[in-house]
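Me: I would like to learn how to read a few features of a model, one at a time. Could you walk me through this one?

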Number of protein chains: 2
Amino acid sequence: MSRIILGIDPGFAILGWGIIESKDGSRNIENVQWGAILTKSGEPIEERILKVYQELKTIIDLYKPNEIVMEKVFFNNNAKTIIGVAQIQGIVFLLSAIMNLPIFQYTPLQAKSALTGYGVANKQQVQNMLKLVLKLEDFPRPDDAADAVALAFCHLQTKKYL
Amino acid sequence: MSRIILGIDPGFAILGWGIIESKDGSRNIENVQWGAILTKSGEPIEERILKVYQELKTIIDLYKPNEIVMEKVFFNNNAKTIIGVAQIQGIVFLLSAIMNLPIFQYTPLQAKSALTGYGVANKQQVQNMLKLVLKLEDFPRPDDAADAVALAFCHLQTKKYL
């Protein structure tokens, strides 16, 4: 059975997304895709949220993931951006419910640990490990997309889908 | 021209809503309605968010407001609940964009000041002033619904619709 995971690094100005497809038993990861949804800071909040919702829905329609994985946020991190990040999380949860896709949350620490074996890896180490483990020709960019791919990989590993 | 305002006090376990209708020039406020959307803490986040989205959409379809008013949240208040409140705000913004309704945000201080003339009014004073100013037979309950009606009233006053 093929399993397609959509990882999401939620954010208001930039939302990173990454797709990983795995085949049960084969330990093969295929069809890795990534990208970012950008919105402009000058636009009204509701229009930026609608844009993220519509583009994310297009990505789900296109890649047809079986499960969604999203970065978990805490009150203590990102004081300046946390309200906007949580607003975007709200619409990701809504999409998962509307499209009947199970959704899971992991912390950045869990994602980095799954990939590099320890949670304090820097951005470059995460990029390098993604390229190595997923046998990519390019580094996933921007960082938000790399984080999203790492989240999807973390989920495959945690659920022992690999 | 009649103008219908939907006030929303966003929350995860309980979302308060209030409808006020005003007639331009007449200084009359009519058709005040209120209520609350409740979700259960044991249910998955995505199902709770979907329930709030669907019930809020039903309220909008029923009362056909011209504008939405929502309480603004800040990083400093409600440390424990702020992420959930902001997630709900996200779907309120999304609904306003999908249904093409302008949305405005006010702080609780602004709402209380509009109603009572000062921002430090307690819950009971807000209830009393709502009953008096809006000529209600009952106090809006629960508090979340009263706050939502107060937000809608604040908007009417701020925009000089009354």
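Reply: Gladly, and let us start with one residue: Q127(B) lies in helix α4 of chain B, where helices (H or I, at least four residues) and strands (E, at least two) are DSSP runs numbered from the N terminus. Keep in mind that this is a predicted model, in which local features need pLDDT of at least 70, side-chain atom pairs count only at pLDDT 80 or more, and totals for chains, interfaces and linings use all residues. Residues are numbered from 1 along each chain as its sequence is written, chains are lettered from A and ligands numbered from 1 in the order in which they are written, and side-chain values use heavy atoms, with hydrogens and water left out.

Me: Is Q127(B) buried or exposed?

Reply: Buried means under 20% relative accessible area, exposed over 50%, and partly exposed in between (1.4 Å probe, protein chains only). Q127(B) has a relative accessible area of 2%, so it counts as buried.

Me: Which residues is Q127(B) in contact with, leaving aside its neighbours within four places in sequence?

Reply: Contact means heavy atoms within 4.5 Å. With those neighbours left out, Q127(B) is in contact with F139(B), P140(B), R141(B), D143(B) and A146(B). With D143(B) there is also a polar contact, side chain to side chain, of 3.2 Å. A polar contact is a pair of N or O atoms within 3.5 Å; within protein, one must be able to donate a hydrogen and the other to accept it, and residues adjacent in sequence count only if both atoms are side-chain atoms.

Me: What does the side chain of T116(A) do with a backbone oxygen?

Reply: A polar atom of the T116(A) side chain lies 2.8 Å from the backbone oxygen of K112(A). T116(A) is found in helix α3 (residues 108-116) of chain A, and its relative accessible area of 16% makes it buried. Not counting residues up to four places away in sequence, T116(A) touches A121(A), Q125(A) and M129(A).

Me: Now to charged pairs. How many salt bridges does a search of the whole structure find?

Reply: Side chains of opposite charge can pair when their charged atoms come close. The rule for a salt bridge is a side-chain nitrogen of Lys or Arg within 4 Å of a carboxyl oxygen of Asp or Glu. Over all chains, the search finds 10 salt bridges. One of these joins R3(A) and E67(A), at 3.8 Å from N to O. This pair links distant parts of the chain, with R3(A) in strand β1 (residues 2-9) of chain A and E67(A) in strand β4 (residues 67-71) of chain A, 64 residues apart. R3(A) and E67(A) are both buried.

Me: Where do E55(B) and K51(B) lie?

Reply: Both are in helix α1 of chain B, four residues apart, which is about one turn of the helix.

Me: What area do chain B and chain A bury between them?

Reply: The size of an interface is often given as the accessible area lost when the parts come together. Buried area here is the accessible area (1.4 Å probe) that two parts lose on being put together, summed over both. For chain B and chain A that is about 2,000 Å², with 81% of it on carbon and sulfur atoms.

Me: Why do the copies meet through the same surface?

Reply: Because 100% of the interface residues of chain B are also interface residues in chain A.
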